[in-house]
Amino acid sequence: MRYVGIQSQISSNNMKSMLLLIAFPVILLGMTWVFLAIINYFTTGYYDQAGYFVNQLDADSVNWTFTKAAPFIIGGVAIWFAIAYFSNTKMIQKATGAQPLMRRENPRVYNIVENLCMACGMDMPKVNVIDDPQLNAFASGIDKNSYTVTVTTGLLDRLNDEELAGVIGHELTHIRNRDTRLLITSIIFVGIVSTVLSLVVRMIYNRMLFGGFSSSSDNRNSKGNGLSVVAIMAIGAVCAGIAYLFIMLTRFAISRKREYMADAGGAELCGNPLALASALRKISNNPGLGDVEREDIAQMYIIHPKQMTQGLMQFISGLFATHPSTEERIRILEQF
């Protein structure tokens, strides 16, 4: 793997964060325009001499509607993003049941984190612990006030000091490289689109279940070209799905490399690549976090539990994996 310095990685992640902040509204606004254009095309036109209705796109009407809707879309997304961005730490803590860890409660863990921070010249992050027998660790936060390293009691019980130092070094490297800020930004954007998509699908389902397909017989008889409510919502779902796919691909593109970089940084900090490799091997036997099945949080784990499947499912999950193969990560560490 080509060596990339930490400053280069930080600059790259900062640039990707900015591009993501720009790309998301552009994609969202683009899909909004497409949605309005499709609706306009199927509801606008004229009757030819034979009496058949000919659909026709009224671009001026679409653009006028779009300019009226765009400020509300941008404003809504901005408010949603700001709330999620600045409250992500509390959301993650509540979802996982993590509790702050003080030095007096576990000097072993606290001292390892403190020593590694001193070694790399970074500020001490918060340390959280989750009472769970599974082996897991992750880093989170967007700034010095919210950076946090979280570990499970299962991890503390199963790993020796050198292995634990390697894992914590891995998570500290995520923080140093600004991986956590970039990942949280992408998680929020994907969450916005997936929420909208879920609402549209739910509306379609309820309409089909309770309201039928047609919006009103009068609309169809008067124009001959009207769209049912379900059809309009279906078009919205398709547009949202396309936007969701683009954003997911963007997120996947920035996810896998960061794990290799964090492994390299963790191995350098603890001074023992084999210890981190051994820790990954132990974690892979029982990764995850209790009953927490949220995909957005699982992306932060040191090993994604759903990507430990075998056979065909392993191939399919690998196509959309946010983490590289654990076996490959171990192989690279053992070559240090």
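**Exercise 1. Find how many helices and strands the chain has.**

Solution. Start with the rule: helices (H or I, at least four residues) and strands (E, at least two) are DSSP runs, numbered from the N terminus. The count gives 13 helices and six strands. Keep in mind that this is a predicted model, where local features need pLDDT of at least 70, side-chain atom pairs count only at pLDDT 80 or more, and totals for chains, interfaces and linings use all residues. Residues are numbered from 1 along each chain as its sequence is written, and side-chain values use heavy atoms, leaving out hydrogens and water.

**Exercise 2. Work out how many disulfides there are, and look at cysteine 117.**

Solution. First, the idea: a disulfide is a covalent bond between the sulfur atoms of two cysteines. Here the test is a pair of cysteine sulfur atoms within 2.5 Å. Next, take cysteine 117: the closest cysteine sulfur, in cysteine 120, is 5.5 Å from its own, too far for a bond. The count therefore comes to zero disulfides. Finally, cysteine 117 has 2% relative accessibility, so it is buried (under 20% relative accessible area; exposed is over 50%, partly exposed in between, with a 1.4 Å probe and protein chains only).

**Exercise 3. Find what share of the chain is buried.**

Solution. Take the 336 residues of the chain; 45% of them count as buried.
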